[in-house]
2 protein chains.
Amino acid sequence: MSESVINYIHTLGRAARSASRELARAPIAQKNQALAAIGSALNAARDTLLTANAKDMTQGLANGLDSALLDRLELNQARIDEMIEGLRQVAALPEPVGAIRDMRYLPSGIQVGKMRVPLGVIGIIYESRPNVTIDAASLCLKSGNAAILRGGSEAIHSNQFIAACIAQGLREAGLPEAAVQLVQTTDRAAVGALIQMAEFVDVIVPRGGKSLIARISDEAKVPVIKHLDGICHVYIDQAADIDKAIKIADNAKTQRFSPCNTMETLLVHQTIAADVLVPLADIYRQKRVELRGCAATCALLGEDIKAATEEDWQSEYNAPILSIRIVTSLDEAIDHINHYGSQHTDAIVTENLCHARRFLTEVDSSSVMVNASTRFADGFEYGLGAEIGISTDKLHARGPVGLEGLTSEKYIVLGDGHIRG
Amino acid sequence: MSESVINYIHTLGRAARSASRELARAPIAQKNQALAAIGSALNAARDTLLTANAKDMTQGLANGLDSALLDRLELNQARIDEMIEGLRQVAALPEPVGAIRDMRYLPSGIQVGKMRVPLGVIGIIYESRPNVTIDAASLCLKSGNAAILRGGSEAIHSNQFIAACIAQGLREAGLPEAAVQLVQTTDRAAVGALIQMAEFVDVIVPRGGKSLIARISDEAKVPVIKHLDGICHVYIDQAADIDKAIKIADNAKTQRFSPCNTMETLLVHQTIAADVLVPLADIYRQKRVELRGCAATCALLGEDIKAATEEDWQSEYNAPILSIRIVTSLDEAIDHINHYGSQHTDAIVTENLCHARRFLTEVDSSSVMVNASTRFADGFEYGLGAEIGISTDKLHARGPVGLEGLTSEKYIVLGDGHIRG
């Protein structure tokens, strides 16, 4: 790894650590003032931003980026509106830092409780979308954390311009510019240096494709809040309401095919299978969803259903493909999910309270649902007001991560000259 | 690394993962029954346990272990009493698993809240004390986690016998024996395999010397809850009550010299320095504490005070040595702590509310105290009922880690056929 890149990243790290101390004690009003000033700076510079973005788009076209990537890269007036609105929404969220809870007296006479505090310095590594630069910066700022942002090299001109607007807003609010720093080099070694710099970075949040995230978690010396697979299940219990079951299984698969919270495997109890799968198969066929089933499913739905293989149960299709398995019990459904699932989001459809209770307790996923579509697993739908990502980790934060996931709690102790005997 | 050791550890991991599913759904009464049965098994086998321990002691003596290590290794009737009492206390703690909080309706009509859940499989790596085998097993069991325990090789006979008692208790309560497994080999490669086995282990808790912990965090692929340094500070503010300041600074240093929450550096505001440091120096001299001071401290306390070096401010002595620095402001004290401290435990002595408020907010440590001795930083003193260790990490758990630190929270969502629009 090049010495100069490492030195550069360490310089960013040292400045971020120092800025994080100032941010941690910044009053709410000052942080919100910075968010508003960043919005004003963006608004005042729309044309220049679009010019910078056009440069990225031209290079992207010349480099043969595919149309999906170009779409994510592109900015227009509506997307700038969304960025400014996002800043306003984050400013309006309740202050996450400094809340004290559960203060209580202990037998020794001391009072002990917990205070919510920023994590410190957060490194965010993402791909082409320039709007993530604003999203990530605003969430880190609001939660009192310094941010080091490493966007995709294809968006470098857009990101540099957005970073300049952020710096201007910070300056106007009297906050250190190092509170939000963009990695200005597109050298890939910068990522390696960032994720190993444990003395200056407290957590890494990678956002992007599975291979990027897997590589980062594998090489990082800094803790990572990550999202790997989204192999989500809906289980239609024998006590399901058939109309609700059909509505939910349809929505969970077909409302959108690519998101991580889309259902990939449908489990159905054998006693209800004919009643729900026959009409569901019609719906899926109409919506051009390819079905792959277990032997019982194939027997029920006929010849045009492919046989599901072991690999299907382990697949996140992100596409109009669905695997279906008929099970003989709630236990079998729970075992299937805990074995093949990715601990992301899984739902049961049932009117039976005890089945719902068991499913909620025993399914080991970051979101477990009863009678609702897996598509609801999302920070906005959960009322977090914003989302930095969805964690499939078990430590610290599980599921959609909002401002609270970017904070931690320390103990505070109050005494009046108390000593330990 | 030897193939057979890796295979052995993977066998333990697979069994632990499977047992963790059963534990996660085990009723409170069954877990408490197992804890009681383990206590009975230990009680019934005291003599055999002491025989196994005597074998470890004999080998330890023959291998030239030092007296402190031999003391930690030794079991006697009183220590067996403590182990049994510990099991009883953990059984009496409130159930940490399954609690649901903050369920609320969202605009879509779904209800969203959080449920506390076990982490899954916890690997605990520790050194000579055989009683840790019981402590760790009981906390993991109570919190619904499967445990893989790797004790020091010098305690292998004691630990094997204790593990047999644990297995008997689990069996009697109808829980899987793989809920608590002791690594039966003293091959050091077992540790390496355990901390890399991310598919079967959710978190590693190392307990022991700094070099062991540093090596484990460096090599682990599994998240680690760890405790590195304990460089704790007391800051005596200009608005301190002098009697309280002297009492606290005495207790924080001299109540015991070796614990991680013992004060290593004393900071004093210049306007109060003469009033507190002169009597304090007398106390420390009587208690044979070596003092190392900044220039102003040396000028105040006289010739027998050594000059503190940069290294002193960074030192965890765990010994009767104290570094002292006179500061000119609260800001200087906070900056010193955030720069040289280890984010463990730091205290201010002051009668001034605004100084206390700033110290609590701005000192970035896992425990921040006002008018209390740093020696209180402890799971029992904080009312956690038990402690697996003290975390100086920022993610997941900071400070003393009790049952709650061995759990996480998942989202639960309740609907009535709700789909996303």
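1. Salt bridges come first. Across the interface of chain A and chain B there are 14 of them. The term means a side-chain nitrogen of Lys or Arg within 4 Å of a carboxyl oxygen of Asp or Glu. One joins the side chains of A:Asp218 and B:Lys221, at 4.0 Å from N to O.

2. A word on the basis. This is a predicted model, where local features need pLDDT of at least 70 and side-chain atom pairs pLDDT 80 or more, while totals for chains, interfaces and linings use all residues; side-chain values use heavy atoms, without hydrogens and water. Residues are numbered from 1 along each chain as its sequence is written, and chains are lettered from A in the order in which they are written.

3. How many residues touch? In chain A, 70 residues are in contact with 70 residues of chain B (heavy atoms within 4.5 Å). The two chains bury about 6100 Å² between them, 51% of it on carbon and sulfur atoms. Buried area is the accessible area (1.4 Å probe) lost when two parts are put together, summed over both. A:Leu395, A:Tyr411 and A:Arg420 supply 14% of the area that chain A buries against chain B, more than any other three residues.

4. Now the strands. E13(A) and strand E16 (residues 407-418) of chain B run parallel, joined by 5 bridges. Strands are DSSP runs (E, at least two residues), numbered from the N terminus. They pair if DSSP finds at least two bridges between them. In E16(B), B:Val413 is the bridge partner of A:Met369.

Technical notes. Helix = DSSP H or I, 4+ residues; strand = E, 2+ residues; numbered from the N terminus.
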